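The paragraphs below go through one model by parts. Please keep the sequence and the coordinates open while reading.

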There are 2 protein chains.
Amino acid sequence: MSRGKICSLEWMNRPLRRGVLATKLRHCSRNARGVQTASDASINGDQEEHDLCNWDELKFSFIPTDYMYVMKCSSGESAFSQGHLTRYGNVELSPSSGVLNYGQGLLEGLKAYRGDDNRIRLFRPEQNALRMQMGAERMCMPSPTAEQFVSSIKQTALANKRWVPPPGKGSLYIRPLLLGTGPILGVAPSPEYTFLAYASPVGNYFNGPMHFSVEDKVYRAIPGGTGGIKSITNYSPIYKAITQAKAKGFTDAIFLDSATGKNIEEATACNIFVMKGNVISTPPIAGTILPGITRKSIIEVASWFGYQHALPTFDQIEERAIPLEELINADEAFCTGTAIAIKPVGSVTYQGQRVEYKTGEGTVSEKLCRTLTGIQTGRIEDTMGWVVEIE
Amino acid sequence: MSRGKICSLEWMNRPLRRGVLATKLRHCSRNARGVQTASDASINGDQEEHDLCNWDELKFSFIPTDYMYVMKCSSGESAFSQGHLTRYGNVELSPSSGVLNYGQGLLEGLKAYRGDDNRIRLFRPEQNALRMQMGAERMCMPSPTAEQFVSSIKQTALANKRWVPPPGKGSLYIRPLLLGTGPILGVAPSPEYTFLAYASPVGNYFNGPMHFSVEDKVYRAIPGGTGGIKSITNYSPIYKAITQAKAKGFTDAIFLDSATGKNIEEATACNIFVMKGNVISTPPIAGTILPGITRKSIIEVASWFGYQHALPTFDQIEERAIPLEELINADEAFCTGTAIAIKPVGSVTYQGQRVEYKTGEGTVSEKLCRTLTGIQTGRIEDTMGWVVEIE
């Protein structure tokens, strides 16, 4: 081992086995680790894209794909450069890197959808780029430019396009990461950074309506904290609350605001909307909830696009603090997020009391979901300029 | 690349170049990344340990040493096994690992000290083991047993013993990490875990007394959160506050409690003590401050050991909420932590007002520091059973 090499993250440069891509079939299966994997079998090349995976059994779990995108910002530099696709595989990292020792990292999540026309579309990737930039500023990290970010996502999606599921079967989830990868011993920002984007075909994050418990002891975010950005540090601290909720049979937990303990904020990985009478309400973006791109799009769809399509029967959308009692007394509730899309809330349980909500045909969430996924997959015309066709 | 290999973290198995250890001298220098590195030069083997590094210029920055310790807990298992020393170097990690995507990781920090008798001692390593176990429980991770933890630290210190600085020049800082290294796509605990311990010789974390600003907008911890454990997620969220404090010429920032915004909690990487009249006070362990091992030891030294040595002129130690005004009006204040040891507070600045404190000869912190470091380095008899001599 060369001691001088230790300080930098170096990516594995494995030779590309090009022949493999055109001559193999991988069947998805679930291994002992709970991770979907793919096993090799020779196939007819023409069938490959459709037979690559058992698309009907896709879950929201990790299936390794062919390529990932890597870009670095070296010590003393303020910009990312030399971004490139490389074969998906393990990365080599300094044990003293900022992300492993002090959690300096951001994530993003977006999806590539295959439409009935077989075209592949991204949804508002520039919004993810901007959110990563905001997060990077908060976490004292340099960030890729929006152009670099969007280009990396397009390249990652196209390089893995055989993994984009057939229409209606799921989507290709793309996970960009921005990580402090330089070595640092004291508590301070890392001297080097790596941007990485990998992809996995996914199905539903949850099946059916969501059934929530209300978490009133553990808070997800704090004023002045990182709840409003997609920092990796926001997630593992709530594992215990999620695990306890799931152990009691709930889909997930709803978190309350830490300042008062009275208002709903969001769930583990999605924003929440409440409908009462003709008003849809959702908590405001004020630093403690994630500014969700699906959240933002649903507000815009409902406010503007909705009128043209005579969609829901509501008068207005409000972004405001929502006391837990309003959720309890709502007619309908739903959650939004890139991973989950738009999901109805089936029930909320608080202090042993369970309330149920309308779900399914005829609900506002069902109509909004149909509209948004229609735009995302090309079935409904995109008059907002949200969709980026990449093939 | 074998697709089937992707799901597991695999460590680099570089051949040990045993001859190198006995025939090389490494001079510390600072490279463009701000990381101290070592360059090779042939030397007389007998001189090696003393001439390995320019010990007089040690800072608290990362210098790679010879070996690290690695131990794994594989998917489906609840215990760590197969721990072993390996050459220090980069680690190979899945891009979809829990630590990189959701910050699932814990750190620890402890030191090996070389005494005037040339013996090497650890200080209460079982306390770090217990703290890691508590943290692991909170973060839904399995943890090494206390025996495994302490054994790994002994082995790491001994394998790198030539990097333990001469008496009075510094110490060998050992950094254990417990990381979620299995691949996971949804927000949930990792299926695999890795324990890792590496080491670096270090000098002072800060030079001279500490000069603090009071951070009254960003909070470090939240009730029900992870402030009471050594989660990697506690640190990067406060980088911005630290960076802003340093940019204004302060050593560090003091954080207030998020529940009331009125009581002092701790600084970036150390606990705080306040002395007024004959009373020493420090914030209580209640989930939002780190249960520091130096903090605990100082309380015990001051309470019990102090009497025998007629040390400080104080009557009692109190663990209680301390309003910021009490810090402002204190006679003396000091901080404790493994990295910083015991450091006097020179000044605190709040809303533009700066107050200064007694430091140096004759202060309580100076006496406590001399006592504790005396015990740690073998100059003062260890009647508490705290010191573990490893050579």
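In chain B, the loop between β7 (110–114) and β8 (120–123) holds B:N118; helices (H or I, at least four residues) and strands (E, at least two) are DSSP runs, numbered from the N terminus. This is a predicted model, in which local features need pLDDT of at least 70, side-chain atom pairs count only at pLDDT 80 or more, and totals for chains, interfaces and linings use all residues. Residues are numbered from 1 along each chain as its sequence is written, chains are lettered from A and ligands numbered from 1 in the order in which they are written, and side-chain values use heavy atoms, with hydrogens and water left out.

B:N118 is not a glycine, yet its phi is positive, near 70°. With a relative accessible area of 40%, B:N118 is partly exposed; buried means under 20% relative accessible area, exposed over 50%, and partly exposed in between (1.4 Å probe, protein chains only). A positive phi, about 65°, is also found at B:A341, again not a glycine. B:A341 lies in strand β18 (residues 341–350) of chain B and, at 21% relative accessibility, counts as partly exposed.

B:R295, by contrast, is buried, with a relative accessible area of 4%. This arginine belongs to helix α7 (residues 293–308) of chain B. What does B:R295 touch, not counting residues up to four places away in sequence? The list is B:N271, B:F273, B:T282, B:P283, B:P284, B:I285, B:I289, B:L290, B:E319 and B:T336, where contact means heavy atoms within 4.5 Å. B:G337 is 42 residues from B:R295 along the chain, and the C-alpha atoms of the two are separated by 6.8 Å.

Among contacts in chain A with a separation of 6 or more, 70% join residues 24 or more positions apart.

Within chain A, helix α4 (residues 125–138) packs on helix α5 (residues 146–159) at an angle of about 130°, with the axes 9 Å apart. Axes are lines fitted to C-alpha atoms, for helices over the stretch in contact, and angles run from 0 to 180 degrees between N-to-C directions. α4(A) and α5(A) are therefore oblique to each other, because angles under 35 degrees count as roughly parallel, over 145 as roughly antiparallel, 65 to 115 as roughly perpendicular and the rest as oblique. On the α4(A) side the contact is made by A:P125, A:E126, A:N128, A:A129, A:M132 and A:Q133, and on the α5(A) side by A:A146, A:F149 and A:V150.

α4(A) itself has 14 residues and spans 20 Å from its first C-alpha to its last, close to the 20 Å expected at 1.5 Å a residue; the expected span is 1.5 Å times one less than the number of residues. Its buried residues include A:P125, A:N128, A:A129 and A:M132. Just after α4(A), A:C140 has a positive phi of about 60°.

In chain B, the axes of helix α4 (residues 125–138) and helix α5 (residues 146–159) come within 9 Å and cross at roughly 130°. α4(B) and α5(B) are therefore oblique to each other. In α4(B), B:P125, B:E126, B:N128, B:A129, B:M132 and B:Q133 meet B:A146, B:F149 and B:V150 of α5(B).
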